[in-house]
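Hello,

Here is the structure I promised to pass on to you. Please open it beside this email as you read.

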Amino acid sequence: MHNTLELDTIVALATVPGQSAIHVIRLSGPDAIKIVNKVFKGKNLEKQEGHTAHFGTIREEDGTIVDEVLATIFYGPKSYTGENTVEVSCHGSQFIVDQLLQLFMKTGARYAKAGEFTQRAFANGKLDLAQAEAVADLIAADSHASRDAAMQQMRGGFSKDIKALREKLIHFASMIELELDFSEEDVEFASRDELVDLINELKRVIKALIDSFSMGNVLKNGVPTVIAGKPNAGKSTLLNALLNEEKAIVSDVAGTTRDFIEDEINIGGVTFRFVDTAGLRETEDRVEAIGVQRSYEKMKKASLIMYMFDAATSTFEDVQAEVEALEQLGVPNILVANKLDQLEGGLAPEFKEFSEHLLEISADKGTGVEELKERALHLVNLDKVQSGNTMVTNARHYQSLRETMKALDDVINGVEMGMTGDFLALDIRTSLHHLGEITGEVTTDDLLENIFSKFCIGK
C-alpha cells in the first residue's frame with residue numbers, strides 16, 4: 001500500500017448528474033456490501049459471490065420503496081479500488097439519486113472526495129500514479145488519438161518503460177553503495193565503463209520520451225491551428241467550411257473579424273483547435289490594431305498555420321513577402337490560395353514557385369477543403385502516430401523526465417571527473433527519485449492531493 005487512507009466506506013454518483021435513463025452510485029470500503037444490504041430488499045447481498053448483479057428494491061426504514069435497482073458486488077482485492085465495492089444502478093432521476101445517497105450515508109457511508117475511488121486504487125496497488133492520471137485523461141479524451149494515448153498509459157505501457165529504467169539504475173546504485181562499505185579495500189563492484197554505457201542508454205530512451213511530449217501534448221489537448229491572412233481573404237468562410245456550420249461572421253467588409261473564434265474538428269482521429277484571427281493589415285483603428293497584434297502572438301504559439309490569400313486580387317510580390325514572414329515564425333504552415341472559383345485560367349505561372357506548400361481551394365464552394373484537412377494531418381506528422389507507442393502526454397511526467405536527464409548528466413560528469421562513489425550514488429539516487437515521482441514510488445501528500453483533486457467525484 002502506497003499510503004494510509006481512512007478505513008471508512010465512501011459513496012458517490014459515478015455518472016453525470018442530471019436526468020438520464022439510468023444512474024450508477026458507487027460505494028467502496030470495508031462495509032460497502034453491508035451498508036447496501038441493510039436497505040436492499042431481495043437476496044442477501046452479503047451471502048452472494050463477487051462479480052454478480054442482483055435485482056431488488058432500496059427501501060426506507062419504514063418500508064417505503066425509493067427505487068428498483070440492480071446491485072453489482074465486488075469483493076476486494078478483486079475490484080477497481082481493491083476494496084469491497086458495490087455499484088447500484090438506479091433510474092436516472094436526480095431526485096432518486098439524492099434520496100439513495102442520503103440513505104446510504106445515513107446507513108454508514110461517507111460522501112467521497114474528488115478522485116477518492118481512484119486514489120484508493122492507487123493506495124491499494126491496483127494502479128500506479130501514472131496509470132491513475134491516465135484514468136482522468138481517458139475520461140476527458142475527445143478524439144481517437146487522445147483515447148489511444150490515455151488507454152496505452154492506463155494499461156501500463158509507459159509505467160513499464162519507466163520501471164525498467166529504474167531497475168537498471170537501482171542495481172548500479174546498490175553496487176556503488178556497496179563499495180562504500182569496503183572503502184578501505186579500494187574495491188570496485190560497479191564498472192565505471194559499464195555505468196557510463198548504461199547511463200547513455202537510459203538517456204537515449206528518456207530523450208525519446210521527452211521529445212514525444214510535443215506530439216503527446218497535442219494528441220491530448222488538440223493541435224492549435226491558426227487560420228491567418230489579410231482581411232477578406234476568406235478566413236471565416238474557410239472556418240465555416242471546415243466546421244460545416246456558420247460559426248464565424250462572414251462579411252464583404254474588410255476587418256469584420258476583430259477577435260478570435262475558436263472551435264474544434266476531428267481529422268483522422270486527431271483534434272484540431274481552429275482559431276480564426278483578425279486580418280493582418282496596417283490599420284489606424286486602435287481596436288482592430290490590437291486584434292492584429294494578438295493574431296501574430298497566436299501564430300507564434302500555434303502548431304500549424306493555414307495562411308490564406310485572395311487568389312483573385314493578390315500579386316505574386318505580396319504573397320512572396322507573406323511567405324517570407326511565415327518562414328521567420330518557424331511554425332509548420334500551409335499556404336492557401338482561396339477564391340479559385342473567381343479566377344479564369346487559374347493562378348499565374350509564377351505562383352508555381354510555391355507549389356510544394358501551396359494548396360488551391362474555394363472555401364465558398366468547398367473545393368479543396370478535404371485535401372486541406374489531409375495536408376494538415378500530414379504536416380504535423382500525426383498521421384504517422386502508431387497506437388501502442390509510448391508517448392508522454394502529462395506535463396508533470398515531462399518535468400520529471402527532464403530532471404532525471406539532468407541528474408544522469410551529473411552522473412556522467414562525475415565519472416569523467418573521477419568523483420568518489422558516494423557522490424555518484426547521490427546523483428543516481430536523484431535520478432531514481434525523479435523517475436519514481438512518475439509512477440508513485442516517490443510521493444508526497446501535497447502531490448497526491450493536487451493530482452486527485454482534479455478528478456471528478458465518483459471516479
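Predicted model: local features only at pLDDT ≥ 70, side-chain atom pairs only at ≥ 80, totals over all residues.

Residues are numbered from 1 along each chain as its sequence is written, and side-chain values use heavy atoms, with hydrogens and water left out.

The protein chain has 14 helices and 13 strands; these are DSSP runs numbered from the N terminus, of at least four residues for helices (H or I) and at least two for strands (E). Of its 459 residues, 47% count as buried (buried means under 20% relative accessible area, exposed over 50%, partly exposed in between, with a 1.4 Å probe and protein chains only). The accessible surface is about 22,800 Å², and carbon and sulfur atoms hold 49% of that (Shrake-Rupley method, 1.4 Å probe; for residues, only the protein chains shown count as cover).

Now to the sheet. Seven strands make an open, mixed sheet in the order E3-E4-E5-E6-E2-E1-E7, where two strands pair if DSSP finds at least two bridges between them. Its edge strands, E3 (40-41) and E7, each pair on one side only.

Strand E1 (residues 10-13) is covered on both faces: Ile10 and Ala12 on one side, and Val11 and Leu13 on the other, are all buried. E1 runs antiparallel to E2 (residues 22-28), joined by four bridges; Ala12 stands opposite Arg26 and Val11 opposite Leu27. With E7 (residues 110-111), E1 runs parallel through two bridges, and there Val11 has Tyr111 as its bridge partner.

Is Tyr111 itself buried or partly exposed? Tyr111 counts as partly exposed because its relative accessibility is 38%. Together with Met105 and Ile457, Tyr111 makes a nonpolar surface patch of about 250 Å² (patch residues have over 30% relative accessible area and no salt bridge; like charges are joined within 9 Å, nonpolar side chains, namely Val, Leu, Ile, Met, Phe, Trp and Tyr, within 5 Å; a salt bridge is a side-chain nitrogen of Lys or Arg within 4 Å of a carboxyl oxygen of Asp or Glu).

Lastly, helix H13 (residues 421-439) has 19 residues and spans 27 Å from first C-alpha to last, close to the expected 27 Å (1.5 Å times one less than its number of residues). Its buried residues include Leu424, Ile428, Leu432 and Leu435. Gly440 follows H13, with a positive phi near 105°.

Best wishes
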